[in-house]
Amino acid sequence: MNSADDNIHEFHMRECIELAQDASNVGEVPVGAIVVFDDKVIARASNAQIKNCDPTAHAEVLALRAASHATDNYRLPGCTLYSTVEPCLMCAGAALHARVKCIVYGAPEPRAGAVGGEIDYFNRMTHVHKLSVIGGVLEEQCKVIMQDFFKARRAKR
C-alpha cells in the first residue's frame with residue numbers, strides 16, 4: 001500500500017470514528033462504518049442494536065444495507081467497507097455476500113473479530129468471491145474510543 005492509499009484510508013476512517021463517537025453518545029457500543037465507491041461515501045452507519053432492538057444492527061450491516069438501497073443492488077462490487085473495529089463473523093459474512101472488494105478496519109477485535117484475529121474467515125474458508133482486508137488504520141484512535149466507552153460503562157456500575 002502506498003502513502004496515497006494510506007491517506008485515503010485514514011480520511012475515510014476519520015468519518016467512521018465520528019460515527020462511532022455518535023453511537024457512544026447515545027449509549028451504543030461505539031462502532032462506525034461507511035461504504036465507499038469511487039472514493040465517494042455512499043452509506044454510513046453507527047451501531048444501533050439498542051435503538052433498533054435488533055442484535056444484527058451492527059454498524060457494518062447497517063452501512064451495507066444502506067449502500068444496497070442507495071445503489072438499488074444487493075451486490076456491492078467495487079465498494080470498500082470501512083469500520084472502526086475488526087468486523088465480527090456476521091458482518092464479514094454480510095460483506096462477502098455483498099461482494100465488496102475490500103474491508104478496511106481500525107482496531108482489531110480479539111474476542112469477536114473474524115477477518116484476521118481469532119477467526120480469519122476469509123483465509124480459512126474457500127469462497128468463490130475474494131476480497132482484501134486492511135487492518136490497523138488509525139488503530140490507536142479507534143481503540144481509545146472503545147476503551148473509553150467501556151471504562152465509563154464500568155464506572156457507572
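Mentor: Let us start with a term: a crossover is right-handed if, with the strands pointing away from the viewer, the path from the first strand over the helix to the second runs clockwise. Keep in mind that this is a predicted model, in which local features need pLDDT of at least 70 and side-chain atom pairs count only at pLDDT 80 or more, while totals for chains, interfaces and linings use all residues. Residues are numbered from 1 along each chain as its sequence is written, and side-chain values use heavy atoms, with hydrogens and water left out.

Trainee: Okay, which elements make a right-handed β-α-β unit here?

Mentor: That unit is made by β3, helix α4 (residues 89-98) and β4. Helices (H or I, at least four residues) and strands (E, at least two) are DSSP runs, numbered from the N terminus.

Trainee: And how many helices and strands does the protein chain have?

Mentor: There are six helices and five strands in the protein chain, and from the N terminus on their order is α-β-β-α-α-β-α-β-α-β-α.

Trainee: Back to β4, then: which way do β3 and β4 run, and how many bridges join them?

Mentor: Strand β3 (residues 79-85) and β4 run parallel and are joined by five bridges, where two strands count as paired if DSSP finds at least two bridges between them. In this pairing V85 stands opposite A107 of β4. β4 also pairs in the parallel sense with strand β5 (residues 132-134), over three bridges, and there I103 stands opposite V133 of β5.

Trainee: Why is β4 said to be largely enclosed?

Mentor: Six of the six residues of strand β4 (residues 102-107) are buried, so the strand is largely enclosed by the rest of the structure. Buried means under 20% relative accessible area, exposed over 50%, and partly exposed in between, with a 1.4 Å probe and protein chains only.

Trainee: Changing topic, what about α1, and which of its residues are buried?

Mentor: The buried residues of α1 include H9, H12, M13, C16 and I17. The buried residues of this helix pack against β1 (32-37), β2 (40-46), β3, β4, β5 and α6 (139-155), with contact meaning heavy atoms within 4.5 Å.

Trainee: What comes just after α1?

Mentor: Just after α1 you will find G27, which takes a positive phi of about 85°.

Trainee: Last one: how much of the whole chain is buried?

Mentor: Of the 157 residues of the protein chain, 45% count as buried, and its C-alpha trace spans about 45 × 35 × 30 Å along the principal axes.
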